Amino acid sequence: MNKLIKPESLTSGTVMISTAEQTNQTYLAWSDYLELEETTLSKQPVLLEPDVDIDEIYQRLKPLSLIALNFPSFYEGRPYSTAAILRQRYHYQADIRAVGAVRVDQLNQMYRCGFSSFEISNDQLTDTRTAALQFFSSCQQNDSSDAPTLANNNQQLWSKAWAEPNSMIRI
Amino acid sequence: MYQYSESDQTLIEERAAQFKNQTRRFLDGDMEPEEFQQHRLRNGLYLQKLAPMLRVAIPYGMLSSNQLRKLAYISEKYDKGYGHLTTRQNMQFNWPKLEQVPEILEQLSSVQMHAIQTSGSCIRNVTADQFAGVAGDELEDPRPWAEMIRQWSTLHPEFNWLPRKFKIAVSGSDHDRAAVKVHDIGLKLVTKENTTGFQVWVGGGLGRTPIIASEIKPFLDKEHLLTYLTAVLRVYNRLGRRDNKYKARIKILVKALGAETFAQRVESEWLTLKDGPDTISQVDIDQFKRCFSHPDYLDLNTKPIERLAGTDTQSQAWLDHNVLPHKKTGYAIVNISLKNLGTAPGDITAEQMNLIAELADDYSFGEIRVTHEQNLVLADVRQSELLNLWQKLKKADLATANLGLISDVICCPGGDFCSLANARSIPIAEAIQSQYQQIQEVIDIGAVDINISGCMNACGHHHVGNIGVLGVDKKGQEYYQVSVGGNASEQTQLARILGPAFPAEEIPQAVDRLVQCYRQYRLPQENFIQTFNRVGIDAFKVAAYPGIAA
Ligand code: SF4
């Protein structure tokens with residue numbers, strides 16, 4: 001059984017899981033979506049595979065209120081770039097969801113690339129595992145997590161502040 | 001030395017805490033081995049043949065004396081009292097216990113060190129010229145840029161799951177000591193109309209398919225460094241092959257698309273990022289530079305000395321070969337060779353680490369550098385102190401005068417430690433070194449780089465050795481393929497295979513036949529690689545396989 005973690009349950013710095021609802025959302029594959037695009041069914045969310053060329057298809061995705069990106073394995077890296085491009089280049093403002101092999105230890109990275117909801121299997125949400133989310137209070141890059149749908153205070157907390165010489169630590 | 005800010009410190013402590021949690025979950029059976037593997041690799045931890053191996057990052061090779069003391073302490077407390085320096089300016093510990101690794105990481109973080117991204121399919125520890133800031137031929141110190149790249153790449157959310165590992169090197173001098181053309185991205189500081197910027201090389205690498213990088217941007221303004229790197233990484237992350245790990249490096253993508261097409265793709269990606277939030281302002285640059293402490297040089301009004309004079313032949317040989325000119329008058333760069341016969345190349349004991357830390361405090365502003373050639377450097381020694389320093393090094397067997405000479409062999413850990421190895425490499429290094437122990441002869445042979453790798457992963461960089469030795473498996477037997485003509489400097493060349501592989505016991509003689517061939521053909525003042533380039537490979541083939549016509 002999968003649960004859905006929504007943007008409201010994420011706060012700055014740390015990904016907080018306060019609400020997680022059961023989900024059995026189904027998604028349309030991109031090829032099926034293309035066939036159904038003209039009909040009413042096109043409201044169903046679409047699930048994009050990692051090899052999708054987002055630049056090529058973005059214009060058709062634009063009206064959707066949810067784009068789901070599939071992680072066939074937990075070490076798949078392409079959807080991170082796809083999400084970042086959707087936020088940075090196209091200023092896509094609706095929901096970007098991580099689906100598939102979503103692991104607690106990677107939620108932080110996904111979130112920072114612009115994912116705003118996560119479909120995650122129940123067994124990932126044990127206490128010891130979710131403890132893995134509490135670790136990072138800051139980061140070293142600018143990123144895409146300050147997309148308009150997310151809490152505003154993210155922007156400030158999550159953008160890179162280069163080292164200030166007066167806070168240097170001598171060892 | 002770069003001094004951590006509070007946020008740098010917090011970040012490495014938090015990563016250490018996270019890793020502790022991940023290790024505990026793995027040991028409790030609460031994390032799949034396959035998943036833990038990826039997290040531990042991204043924290044420099046391998047599970048090797050005999051024990052786990054922990055690879056500690058030494059960003060662009062810089063160490064403070066306190067950091068070196070900490071490494072000594074770790075090697076004694078958690079390991080067998082020594083560490084191994086790699087060809088990528090890291091230190092490896094071969095015998096830690098998995099359960100103790102989180103504790104080691106805590107120890108490291110107390111001196112601003114870590115093992116983050118020293119392995120795994122992510123951006124690895126950034127490397128640079130070991131003589132940064134002290135070399136006479138330097139255009140600009142590459143270290144602030146290397147540090148900026150270190151910070152930017154650390155736990156980068158978008159580039160933590162790349163198709164394969166990714167290595168970046170930065171050089172600030174004419175003479176390339178960072179081997180930028182055999183890195184995934186090589187950055188070389190260059191000048192254009194009185195401003196400095198970066199020449200960007202992409203797609204170089206050794207390993208199974210050695211390729212020299214292609215230049216994709218002749219001049220990149222410095223403010224755009226991070227947006228441009230993002231563009232390269234993003235193109236690679238999206239298009240690099242993930243179906244075959246032997247074809248997953250960026251060099252394969254660059255080759256498949258063609259360097260020009262690849263460069264165009266990067267360019268159009270970059271145009272969407274250019275001038276965005278990652279653009280580096282002059283304020284950022286100044287702040288970065290201020291985070292580096294600089295040696296407090298004395299104004300020594302000595303005249304530049306042509307040749308430093310030793311007290312006997314040994315000290316003279318050391319001054320001639322291990323001591324290099326410094327850009328500041330009255331100072332010198334001292335190289336400490338870790339290529340003493342009887343010790344594995346790059347290995348250093350806790351005792352030696354502590355001694356060198358002390359010597360660094362006494363003679364070189366408390367700083368030490370680690371080189372790609374697996375040696376150490378005290379970069380800022382007053383010329384008047386050289387002989388005192390030599391005495392102390394000599395007492396500790398650390399004054400071997402062979403820098404860049406034939407017994408300064410570069411060698412990976414090989415079959416004695418590494419589970420990927422086809423063959424052992426340390427005993428081969430030793431067998432080769434043992435035939436060159438007469439200092440006069442070694443000096444007469446002159447500069448020769450010998451590089452040994454235990455398998456085609458090429459950690460010993462055998463493709464760019466003047467003489468390269470590669471361990472291969474022939475029906476379960478250890479054999480060695482010999483190649484000639486590699487060059488790791490700015491005239492990067494890949495070595496060419498000579499012919500059939502040799503069994504271990506024939507390697508020393510085969511190498512020596514190549515050396516004698518060079519001696520036979522060389523012109524006055526010509527070193528090995530120059531003779532090779534003039535004479536061609538055939539003469540060396542004939543020499544390597546006597547009795548067989550070329
Ligand atoms: S070259 Fe091969 S044997 Fe040597 S350290 Fe690398 S992987 Fe191991």
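Which strands and helices of chain B do the buried residues of H10(B) pack against? The legends below answer this first and then turn to other close-up views.

This is a predicted model, in which local features need pLDDT of at least 70 and side-chain atom pairs count only at pLDDT 80 or more, while totals for chains, interfaces and linings use all residues. Residues are numbered from 1 along each chain as its sequence is written, chains are lettered from A and ligands numbered from 1 in the order in which they are written, and side-chain values use heavy atoms, with hydrogens and water left out.

**View 1. The surroundings of helix H10 of chain B.** The buried residues of H10(B) pack against strand S11 (323-325), strand S12 (331-336), helix H12 (386-395) and helix H14 (439-445) of chain B. Here helices (H or I, at least four residues) and strands (E, at least two) are DSSP runs, numbered from the N terminus, and contact means heavy atoms within 4.5 Å. Buried means under 20% relative accessible area, exposed over 50%, and partly exposed in between, with a 1.4 Å probe and protein chains only. The buried residues of this helix are B:Ser315, B:Gln316, B:Ala317, B:Trp318, B:Leu319 and B:His321.

**View 2. The interface of chain A and chain B.** In this view, 46 residues of chain A are in contact with 58 residues of chain B. The area buried between the two chains is about 4500 Å², of which carbon and sulfur atoms give 52%; buried area is the accessible area (1.4 Å probe) that two parts lose on being put together, summed over both. A polar contact is a pair of N or O atoms within 3.5 Å, where within protein one must be able to donate a hydrogen and the other to accept it, and residues adjacent in sequence count only if both atoms are side-chain atoms. Across this interface the rule finds 10 residue pairs in polar contact, both residues being at pLDDT 80 or more. On the side of chain A that touches chain B, helix H2 (54-61), helix H3 (78-88), helix H4 (107-112) and helix H5 (127-130) of chain A each supply at least two residues, and the largest share, six residues, comes from H3(A). By class, this side of chain A has 20 nonpolar, 13 polar and 13 charged residues. In this scheme Ala, Val, Leu, Ile, Met, Phe, Trp, Tyr, Cys and Pro count as nonpolar, Asp, Glu, Lys and Arg as charged, and the others, Gly among them, as polar.

**View 3. Salt bridges between the chains.** A salt bridge is a side-chain nitrogen of Lys or Arg within 4 Å of a carboxyl oxygen of Asp or Glu, and the rule finds six of them across the interface of chain A and chain B. In one salt bridge, the closest N and O atoms of B:Arg242 and A:Glu76 are 3.9 Å apart. B:Arg242 lies in the loop between helix H6 (225-239) and helix H7 (250-257) of chain B, and A:Glu76 in the loop between strand S5 (66-71) and H3 of chain A, so the pair joins two chains. B:Arg242 is partly exposed at 26% relative accessibility, whereas A:Glu76 is buried at 7%. A:Arg103 forms a salt bridge with B:Glu35, with the closest N and O atoms 3.5 Å apart. This pair also crosses between chains, from A:Arg103 in the loop between strand S6 (95-100) and H4 of chain A to B:Glu35 in helix H2 (residues 33-41) of chain B. B:Glu35 counts as buried, at 4% relative accessibility.

**View 4. A salt bridge within chain B.** B:Arg519 and B:Asp444 form a salt bridge whose closest N and O atoms are 2.7 Å apart. The pair links distant parts of the chain, with B:Arg519 in helix H15 (residues 507-521) and B:Asp444 in helix H14 of chain B, 75 residues apart. B:Arg519 is partly exposed, with a relative accessible area of 23%, and B:Asp444 is partly exposed at 36%.

**View 5. The shell around the ligand.** The ligand is surrounded by residues of chain B, among them B:Cys412, B:Cys418, B:Cys455 and B:Cys459, and a residue counts as near a molecule or strand if one of its heavy atoms lies within 4 Å of it. The shell divides into eight nonpolar, four polar and no charged residues.
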